[in-house]
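Please keep the sequence and the model open side by side while reading these notes. The points below go from a pocket to single residues and end with the chain overall.

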Amino acid sequence: YIQKGVLLTAPPFSITHFVSLLRQSLSVALSHFPALAGRFSTDSDGHISILCNDTGVDFIHAKATFLSVNSLLSPIDVPDSFKEFFAFDRTISYTGHVRPLAAVQVTELADGVFVGCTVNHAVTDGTSFWHFFNTFAEITKGAKKISKVPDFSRDTVFDSPAVLKFPAGGPAVTFSGAVPLRERIFHFSREAILRMKFRANKGILKSDYYKSVNNEIIGKQSNDSWKTVNGEITSLFETLLKTNANRTDEISSFQSLCAQLWRSVTRARKLESGKTTTFRMAVNCRHRLEPRLSPYYFGNLIQSIPTVASVGELLSHDLGWGAERLHKNVVAHDNETVRRGVADWESNPRLFPLGNFDGASITMGSSPRFPMYDNDFGWGRPLAVRSGRANKFDGKISAFPGREGNGSVDLEVVLAPETMAGLENDLEFMEYVS
């Protein structure tokens with residue numbers, strides 16, 4: 001299940017009224033997303049569908065008034081308390097045959113409230129999850145008509161006739177939930193990410209010109225690094241990047257950030273130079289298919305893109321080397337690649353194994369493009385976005401937009417304790433963290 005939620009300041013009315021309001025607005029939201037109120041159904045041939053029978057979802061009101069907003073947000077590591085703010089903990093998607101496909105838990109805090117939403121990952125990907133969550137908040141705020149109507153058309157290559165065979169009793173989780181892990185949020189400002197993007201696209205040592213510009217950028221993080229361009233306030237870094245804005249081979253900001261994380265986590269793991277390391281990125285396929293699907297297509301339309309390199313190659317080259325490999329794989333994941341991936345799965349239907357089986361993998365999920373901070377329930381933007389315990393293992397990373405927006409990014413990083421300590425001491429990585 002996907003477990004994501006928002007931390008809010010206390011509502012300007014009683015918590016009892018807020019809980020009642022949420023329950024009513026959730027019911028209205030589900031009328032627009034009827035699949036979430038149904039259950040899985042398997043026919044005699046083994047094909048699984050969602051029976052939209054209005055069986056309903058779980059709604060939970062919990063109290064944790066011994067916790068304050070500051071006690072949740074001030075620690076360096078994400079407190080385990082957040083894991084208790086979600087329903088269906090340690091529940092796999094297969095249980096959607098007998099349990100609700102979604103649940104909402106509102107947790108009352110000393111000076112705030114947390115609204116946690118859990119949705120079966122076989123039903124939605126992150127795009128559809130946040131579409132539902134945004135609609136839920138929009139209705140709670142008082143909207144009489146939703147702004148983004150979901151598309152439930154089902155004539156896509158992802159609606160496969162293949163049958164996935166399950167073992168007796170259902171599938172098992174492919175990673176251990178008992179190993180010690182640390183979880184931390186690393187924040188990257190827009191300016192820091194643009195510096196990474198500049199390094200990835202130009203290379204800080206490719207010429208004396210780029211070297212001098214980079215030295216100016218790093219050494220001059222002062223008030224005059226901001227200036228007006230075409231009537232907009234922009235940084236020196238962004239101005240430099242705009243000179244190549246039309247390049248089709250430009251490495252993106254997010255790919256640059258991913259490459260830096262890949263390098264630094266790999267270094268922190270102290271792996272042998274000949275070992276292969278893998279960076280997996282989940283990508284939205286709606287706009288990759290031809291013809292394109294609606295951005296509001298409701299379902300799970302993601303695929304995983306693996307990029308591999310030896311540890312020695314990744315760490316002996318500059319940031320641009322790894323970023324370019326990530327970039328090329330993302331660009332190459334077009335309509336043909338998507339369809340080939342589906343055909344390959346149909347030839348051998350199987351569950352996608354999550355985890356870090358070789359100790360050298362990183363899996364990037366979620367996206368800084370998701371409208372997480374658009375969840376205004378009536379009195380302002382959330383204070384923070386956090387996730388539950390689901391699908392977390394050594395090397396699982398989730399990307400969130402920064403609360404201030406404007407291109408900033410938060411990375412929710414889950415690592416083995418010794419690896420996290422190494423990452424925190426990685427000067428190349430921590431240079432960009434704020």
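1. The second largest pocket holds about 240 Å³ of space. Of the 17 residues lining this pocket, Leu73, Pro75, Ile185, Arg386 and Asp410 are the closest to its centre. A pocket here is an open set of points on a 1 Å grid over the protein atoms alone, with protein on both sides within 12 Å along at least five of seven lines; a 1.4 Å probe defines cavities, where it fits but cannot get out, and lining residues have an atom within 4 Å of a point. Grid points are joined across faces, edges and corners, and the volume is the space filled by probe spheres set on them.

2. Which elements each supply at least two residues of that lining? They are α2 (69–73), β7 (182–188) and β13 (384–387). β7 gives the most, with three residues. Helices (H or I, at least four residues) and strands (E, at least two) are DSSP runs, numbered from the N terminus.

3. A word on the basis. This is a predicted model, in which local features need pLDDT of at least 70, side-chain atom pairs count only at pLDDT 80 or more, and totals for chains, interfaces and linings use all residues. Residues are numbered from 1 along each chain as its sequence is written, and side-chain values use heavy atoms, with hydrogens and water left out.

4. Helix α3 covers residues 126–141. Its 16 residues should span 22 Å at 1.5 Å a residue, and its end C-alpha atoms are 22 Å apart, so the two agree. The expected span is 1.5 Å times one less than the number of residues. Of the 16 residues, 14 are buried (under 20% relative accessible area; exposed is over 50%, partly exposed in between, with a 1.4 Å probe and protein chains only).

5. Look at both ends of α3. Asp125 caps the N-terminal end: a side-chain oxygen lies 3.3 Å from the backbone nitrogen of Thr127. Just after the helix, Gly142 takes a positive phi of about 120°.

6. Thr135 lies in α3. Thr135 counts as buried because its relative accessibility is 2%. Leaving out residues up to four places away in sequence, Thr135 touches Phe33, Ile146 and Lys148. Contact means heavy atoms within 4.5 Å.

7. Thr107 sits in strand β5 (residues 102–109). Is Thr107 buried or exposed? Thr107 is buried, because its relative accessibility is 2%. Beyond four places in sequence, Thr107 contacts Ala62, Ala64, Phe85, Gly112, Val113 and Phe114. Its side chain also makes a polar contact with that of Gln105, at 3.1 Å (N or O atoms within 3.5 Å; within protein, one must be able to donate a hydrogen and the other to accept it, and residues adjacent in sequence count only if both atoms are side-chain atoms). Ile60 is 47 residues from Thr107 in sequence, with 8.2 Å between their C-alpha atoms.

8. Gly365 belongs to strand β12 (residues 361–366). At 10% relative accessibility, Gly365 counts as buried. Its contacts beyond four places in sequence are Lys396, Ile397, Ser398 and Ala399.

9. Now the chain overall. Of its 434 residues, 50% count as buried. The chain has 12 helices and 15 strands.

10. Mean pLDDT is 90, and 89% of residues reach 70 or more. pLDDT is the predictor's confidence in each residue, from 0 to 100. Over residues 204–246 pLDDT stays under 50, and the model has 56 contacts beyond four places in sequence for them.
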